[in-house]
Amino acid sequence: MRRFLYITPYFPPQKKVGALRPLKFVRHLPEYGWEPVILCDLRLNDAIDQNLEEAVPQNIKIIRNYGLFARYAEWRYRRDNFSSTDEAHRDTRRISEPHRKKIGKMLRQNLGIPDFSKATINPELVTLGRHSLDIRHGCRVGRKRLRRGDIEAIMVNADPFAALLVGRRLSLEFNLPLILDLRDPWAPCDIRRKLRPLPQLRLVDRLERRAMESATKVILNTQETVGAYRKQYSDLPADRFTLIRNFCDPDLIANGSFPEHNRFTMLYLGSFRRFSEGKQIVHALAELKRRGFNSSHFRLLITGNIISKTQALTHKLG
């Protein structure tokens with residue numbers, strides 16, 4: 001079995017949508033002769049689902065030490081191990097935070113001090129966000145594993161886009177092929193480009209170009225995004241950018257328990273969030289209501305969360 005280092009900050013037991021694509025890859029890549037060595041992260045207060053962790057093949061090597069505090073977060077996760085009485089809540093838990101953090105939150109609330117961590121600011125003002133703090137640590141841990149000499153390639157699951165820089169640096173140091181799997185576009189994203197001040201815009205373009213030039217292959221998940229990247233990097237070989245769509249792994253949903261679908265159900269796999277607010281879907285449902293349909297005829301089932309802006313829209317449209 002040939003091995004590759006799979007740098008994927010999001011990975012089970014994290015419930016993030018970004019953890020699902022790498023989960024599906026590692027479940028099926030061994031069939032093609034490739035064994036991933038996972039370098040992933042875990043953070044305090046992460047939403048977790050033990051069912052997802054149990055879906056990872058047991059023989060897969062996992063190094064949960066990509067982030068600075070991943071080992072501590074994993075220790076708290078293992079310490080808070082699920083008991084049989086928690087069975088009904090296995091997919092709704094979070095890794096516990098230290099009491100000092102909880103006390104700090106309580107004091108802020110009682111004293112009326114705003115929590116600036118939840119302030120609505122333009123995230124494009126900080127190019128790599130908090131994940132920039134993990135770059136040096138991720139490189140150090142990845143370097144230690146690569147020195148064993150049994151890794152033939154490096155693959156990166158992004159975002160967080162800071163992981164692209166980790167993968168690039170390691171691939172250059174160890175002269176290994178670099179495969180980048182982008183779940184979302186970074187530099188060519190029309191929505192986000194409009195929000196970037198000129199210095200951030202130039203920095204993102206420069207950082208991504210370095211990653212694209214170093215990559216042997218860049219995997220994208222829609223044909224439209226493939227076209228955007230081939231246009232953005234027209235000086236690079238077009239076949240460097242390829243397509244692997246998101247897909248449904250039947251084994252991951254076969255045991256789900258949901259109410260009987262006795263009416264038309266629109267299933268949305270994921271969350272309504274920033275840049276994917278679900279406005280079009282909500283307006284479509286409002287139009288159906290205007291035409292005389294109601295909740296006895298159809299419903300929308302969302303597997304993730306709904307941001308307050310979308311909730312407000314649903315109430316406004318009735």
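Reply: Contact is taken here to mean heavy atoms within 4.5 Å, and helices (H or I, at least four residues) and strands (E, at least two) are DSSP runs numbered from the N terminus. This is a predicted model, in which local features need pLDDT of at least 70 and side-chain atom pairs count only at pLDDT 80 or more, while totals for chains, interfaces and linings use all residues. Residues are numbered from 1 along each chain as its sequence is written, and side-chain values use heavy atoms, with hydrogens and water left out.

In the packing of α6 on α8, Leu164, Leu165, Arg168 and Leu172 of α6 meet Leu207, Arg210, Ala211 and Ser214 of α8. By class, this contact of α6 with α8 has 5 nonpolar, 1 polar and 2 charged residues, where Ala, Val, Leu, Ile, Met, Phe, Trp, Tyr, Cys and Pro count as nonpolar, Asp, Glu, Lys and Arg as charged, and the others, Gly among them, as polar. Helix α6 (residues 162-174) and helix α8 (residues 198-214) pack at an angle of about 45 degrees, and their axes are 10 Å apart; axes are lines fitted to C-alpha atoms, for helices over the stretch in contact, and angles run from 0 to 180 degrees between N-to-C directions. The two helices α6 and α8 are therefore oblique to each other, given that angles under 35 degrees count as roughly parallel, over 145 as roughly antiparallel, 65 to 115 as roughly perpendicular and the rest as oblique. The crossing of α6 and α8 is left-handed, that is, the near helix is turned anticlockwise from the far one by less than a right angle, clockwise being right-handed.

A second pair is formed by helix α11 (residues 279-290) and helix α12 (residues 308-316), whose axes come within 10 Å and cross at roughly 10 degrees. That makes α11 roughly parallel to α12, and their contact has 2 nonpolar, 3 polar and 2 charged residues by class. The crossing of α11 and α12 is right-handed, and Lys279, Val282 and His283 in α11 meet Lys309, Thr310, Leu313 and Thr314 in α12.

Turning to the sheet, 7 strands form an open sheet in the order β4-β2-β1-β6-β7-β8-β9, with parallel pairing; two strands pair if DSSP finds at least two bridges between them. The twist averages 25 degrees from one strand to the next. Helix α5 (residues 135-146) packs on the sheet, where α5 touches β1 (2-7), β2 (34-40), β4 and β6, and the direction of α5 makes about 150 degrees with that of β2.
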